[in-house]
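Please open the model in your viewer and keep the selection panel at hand.

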Amino acid sequence: MKIGFLGLGKLGLPCALAIEQRGHEVIGCDTNESVVDGIRKRVLSYREEGAQEALAKSHLRLTNVADLVSGSDIIFVAIQTPHEEKYEGVTRVPEERVDFDYRYLKAGMKTLSAEIDKQCLKRREEKIIVIISTVLPGTIEREIRPLLNGTVKLCYNPFFIAMGTTMEDFLNPEFVLMGIDDEEAVEVLKQFYATIHGAPVFATTIPSAELAKVAYNTYISMKIAFINTFMEICHKTEANIDAISESIALAGTRIISPMYLRGGMGDGGGCHPRDNIALSWLARELNLSYDFFEAIMIAREKQTEWLADVMMEYDLPKVIFGKSFKPESNITVGSPAMLLRNLLVERNVDVQMYDPFIDGERVPDFQPSVFLIGTKHAFFRNMRFPKGSVVVDPWRYLQDQDGIRMIRVGE
């Protein structure tokens, strides 16, 4: 098939490259000049497994909206629905709540719809448009549908991916979620996905699919906050958090899978903290009996604050190793390590940070300090810490070193 992408950012581009690897012709456009320039130069500014190599060999063609419409069988819309930084989990949870920002998605859909009308209305043709951006339930009906005419066959098809492994996650999903109101579009999409993988397709209404996407993301946040609560209990008793994780993970039928069930830092990235905050906004809008999503975010914040307390037990300079939100990444959005840094700054603590994928692999010369491993980079396994230091390891993956007090959180 001929596949178009409107939006070639951290979600759109890796997915476009993955689709191209399955033999489809892919074209795309983006209004961000730095994104376009990077694609033309075949250089990514962020770490994404397999994407740089795929981009170097790619035949992905950059184009304009008119060509995107005329040259695509299916157009995927991967336009951001961002939050302000204060709603992304690197600072304390604000008292006020907001929905996602749909300005960019609406502008893109308005431009795309106008071009589809221009090309297809007289010929009485229709174009399949697939929105993959994260939204709250009711958004497409309220914000997007009024922008469309009868020339668009619309589907909501959010992807379940993690930044850093986007291509792998897209090519090997647990399932494909589709919010539909056009059966013909669904059949075409099913044919398309049959060429990508053999994962099952779950089709439902668009509002249900909108809510299922954020339910999936916030369930991960809940699991991480849950297991980190038990990590703190273990740290204050004689129990061991890894034993807790490994034992309850065996109850995979009735309780839980082992994914996201290891004690460590809080969740992070472009989805989990912000999706909880957006759902907390929705809880207030709907006057829910209890704002469960706020509770998850407060638990994440308080657990990070407790790690700051652990660091403050020692009268040494404070250093956080890792800035990114996940291992082997250089993306800091929603990073719990950055939240920890900001909570320490609140206390007027002079805290240093170092991340090999952001600051380079040359490690600064540190004096004996309290080091906390904020991101579980493999790079830190071989670190030699200054003698007299205290190392706080929430992941419990570093080996003992002579002259170093090693604190494995939860053991």
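Helix 9 and helix 11 are oblique to each other, a class that takes in the angles left over once those under 35 degrees count as roughly parallel, over 145 as roughly antiparallel and 65 to 115 as roughly perpendicular. The model is predicted, with pLDDT of at least 70 needed for local features and 80 or more for side-chain atom pairs, while totals for chains, interfaces and linings use all residues. Residues are numbered from 1 along each chain as its sequence is written, and side-chain values use heavy atoms, without hydrogens and water.

Select helix 9 (206-235) and helix 11 (residues 272-285). Helices here are DSSP runs of H or I with at least four residues, strands are runs of E with at least two, and both are numbered from the N terminus. The two axes come within 9 Å and cross at roughly 120°; they are lines fitted to C-alpha atoms over the stretch in contact, and angles run from 0 to 180 degrees between N-to-C directions. Helix 9 passes helix 11 in a left-handed crossing, meaning that the near helix is turned anticlockwise from the far one by less than a right angle.

Next, display the side chains at the contact (heavy atoms within 4.5 Å). Helix 9 contributes Leu211, Val214, Asn217, Thr218, Ile220 and Ser221, and helix 11 contributes His272, Asp275, Asn276 and Leu279. By class, this contact has 4 nonpolar, 5 polar and 1 charged residues. Nonpolar covers Ala, Val, Leu, Ile, Met, Phe, Trp, Tyr, Cys and Pro, charged covers Asp, Glu, Lys and Arg, and the others, Gly among them, are polar.

The whole structure holds 2 cavities of 30 Å³ or more. A cavity is a set of points on a 1 Å grid over the protein atoms alone where a 1.4 Å probe fits but cannot get out; lining residues have an atom within 4 Å of a point.

For the largest cavity, select Phe159, Phe160, Pro173, Phe175 and Val176, which lie nearest its centre among 13 lining residues. Its volume is about 100 Å³, and its lining has 10 nonpolar, 2 polar and 1 charged residues.

For the second largest cavity, of about 50 Å³, select the lining residues, including Asn228, Met231, Gln303 and Trp306. Helix 12 gives the largest share of this lining, 4 residues.

Finally, select Arg47, Glu48, Glu49, Gly164, Thr165, Lys326, Pro327, Glu328 and Ser329, which line the second largest pocket. A pocket is an open set with protein on both sides within 12 Å along at least five of seven lines. This lining comprises 1 nonpolar, 3 polar and 5 charged residues.

Definitions and conventions:
Points joined across faces, edges and corners; volume = space filled by probe spheres on them.
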